[in-house]
Amino acid sequence: MNRPGPRIPPLSLTDAQRAVLEGWLRRRSTAQALAQRARIVLVCAEGHSIMEVSRLLKVAPDTVRTWRRRFLEHGVDGLCDESRPGVPRKIRDADVERVIVKTLQETPKNATHWSTRSMAAATGMSQSAVSRIWRAFALAPHRSETFKLSTDPHFIDKVRDVVGLYLDPPEKALVLCVDEKSQIQALDRSQPVLPMMPGVPERRSHDYVRSGTTTLFAALEVATGKVIGSLHRRHRATEFKKFLAKVDKTVPATLEVHLILDNYATHKTPSVKKWLLAHPRFHLHFTPTGASWLNLVERWFGELTQKRLKRGVHRSVQALERDVRAWLADWNNHPKPFVWTKTADEILDKVAAYCHRISDSGH
């Protein structure tokens, strides 16, 4: 018979303590470790057991026990890191806070972002001290990333539809990710490429001569990673219909065909719709507007670009197309499927959190 464990003392918060803890969570400059401790105490105060808090916050039970005990013994101050032996700190918490707030909320007058030197001059601290603070709080003003939020009114439904095909494909059906890589340029360098030597990388001239373009239509089979490809000099509904006809001949007649593709106008012309009516086994699933990252064939296009096109030298469109066909044939001899892991709920939760973060920042 299992014996009950020792009773843990109840944890309750005063209004002042709750205000401090919630303030730490709302404040963008709070260290992540301190924010996690505040979150643990707030959830414990709701009456949850240690194991429930561990599951809710996805932290180890011992972590919950440690900070619960520290709070009961020392209050809010117990959640801060204890002082360690060694040389006394020369930089106060107020100095650290000033650097973090200035980094996150201000920009220098003569630049778009802070450098360690400009921040050091603005705060009166040393450059190395600013660098250490930024590293400790994972701040990198010199870095910048791009993003795009879809404005598709059916975003949620389309995400669930496409991800559902990846994670739970229908029986007796083939799921294909379809797209076009248009305007692939046949580029010849203005001077010969100098080969790699010991201690010297390959060198190419920065300028080039254009010899024309081609378009690759591709359908990536999600289950196996094989690709059905077709090259055309133009990018119209006519070429798209020809590609659909090739897919129709390639896929066994006993299988239904589910195509994941974007909202490009070529995919929705009357002639394409008429062709689809004559081929009822084809089912189209559109990704949300501005969300081409949902289409796995984009990942395959990245492989093609990086491994064949980016450093390729082609003196004619014919030479370019030969190389693309050879690379495609080699890929299909040793296909590598791309495995989709995130569920639709995980994607939507992440997008919602990102939107909430943008709204909190005042943009």
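Where is the place of Lys 172? Lys 172 sits in the loop between α8 and β1. The exercises below work through the rest.

This is a predicted model, in which local features need pLDDT of at least 70, side-chain atom pairs count only at pLDDT 80 or more, and totals for chains, interfaces and linings use all residues. Residues are numbered from 1 along each chain as its sequence is written, and side-chain values use heavy atoms, with hydrogens and water left out.

**Exercise 1. Describe Lys 172 and Ala 138: what is phi, and is each residue buried or exposed?**

Step 1. Names first: helices (H or I, at least four residues) and strands (E, at least two) are DSSP runs, numbered from the N terminus.
Step 2. Phi of Lys 172 is near 50°, a positive value in a residue other than glycine.
Step 3. Buried means under 20% relative accessible area, exposed over 50%, partly exposed in between (1.4 Å probe, protein chains only). Lys 172 has 70% relative accessibility, so it counts as exposed.
Step 4. Ala 138 lies in the loop between α7 (127-136) and α8. Its phi is near 55°, positive in a residue other than glycine. Ala 138 is exposed because its relative accessibility is 70%.

**Exercise 2. In what order do the strands of the open sheet stand?**

Step 1. Two strands pair if DSSP finds at least two bridges between them.
Step 2. The order of the 5 strands is β3-β2-β1-β4-β5, with mixed pairing.
Step 3. β3 (227-232) and β5 (282-286) are the edge strands, and each pairs on one side only.
Step 4. Take the β3 end. β2 and β3 run antiparallel, joined by 6 bridges. Thr 215 stands opposite His 232 in β3. These two strands form a hairpin with 5 residues between them, and Gly 225 in the turn has a positive phi of about 90°.
Step 5. Take the β5 end. β4 (residues 256-261) and β5 pair in the parallel sense over 5 bridges. The bridge partner of Ile 260 is His 285 in β5.

**Exercise 3. How many residues of β3 are buried?**

Step 1. Count them: 6 of the 6 residues are buried, so β3 is largely enclosed by the rest of the structure.
Step 2. Sort them by direction. Val 227, Gly 229 and Leu 231 point one way, while Ile 228, Ser 230 and His 232 point the other way.

**Exercise 4. Which residues of α11 are buried, and what do they pack against?**

Step 1. List the buried residues of α11 (residues 297-309): Val 297, Trp 300, Phe 301, Glu 303, Leu 304 and Leu 309.
Step 2. Look down the helix axis. These residues fall within an arc of 155° (taken from the directions from the helix axis to the C-beta atoms), so they line one face of α11.
Step 3. Turn to the other side: Gln 306 and Lys 307 are exposed.
Step 4. Find the partners. The buried residues of α11 pack against β1, β2, β3 and α12.

**Exercise 5. Which residues have the most contacts inside the largest nonpolar core?**

Step 1. A nonpolar core is a set of buried Ala, Val, Leu, Ile, Met, Phe, Trp, Tyr and Cys residues joined through side-chain atoms within 4.5 Å.
Step 2. The largest one has 36 residues; Val 159, Tyr 166, Cys 177, Leu 216, Leu 296 and Trp 300 have the most contacts inside it.
Step 3. Several elements each supply at least two residues of this core, among them α8 (155-167), β1 and α11.
Step 4. Contact means heavy atoms within 4.5 Å. Leaving aside neighbours within four places in sequence, the contacts of Tyr 166 include Cys 177, Ile 260 and Leu 296.

Terms used
Axes fitted to C-alpha atoms, helices over the stretch in contact; angles between N-to-C directions.
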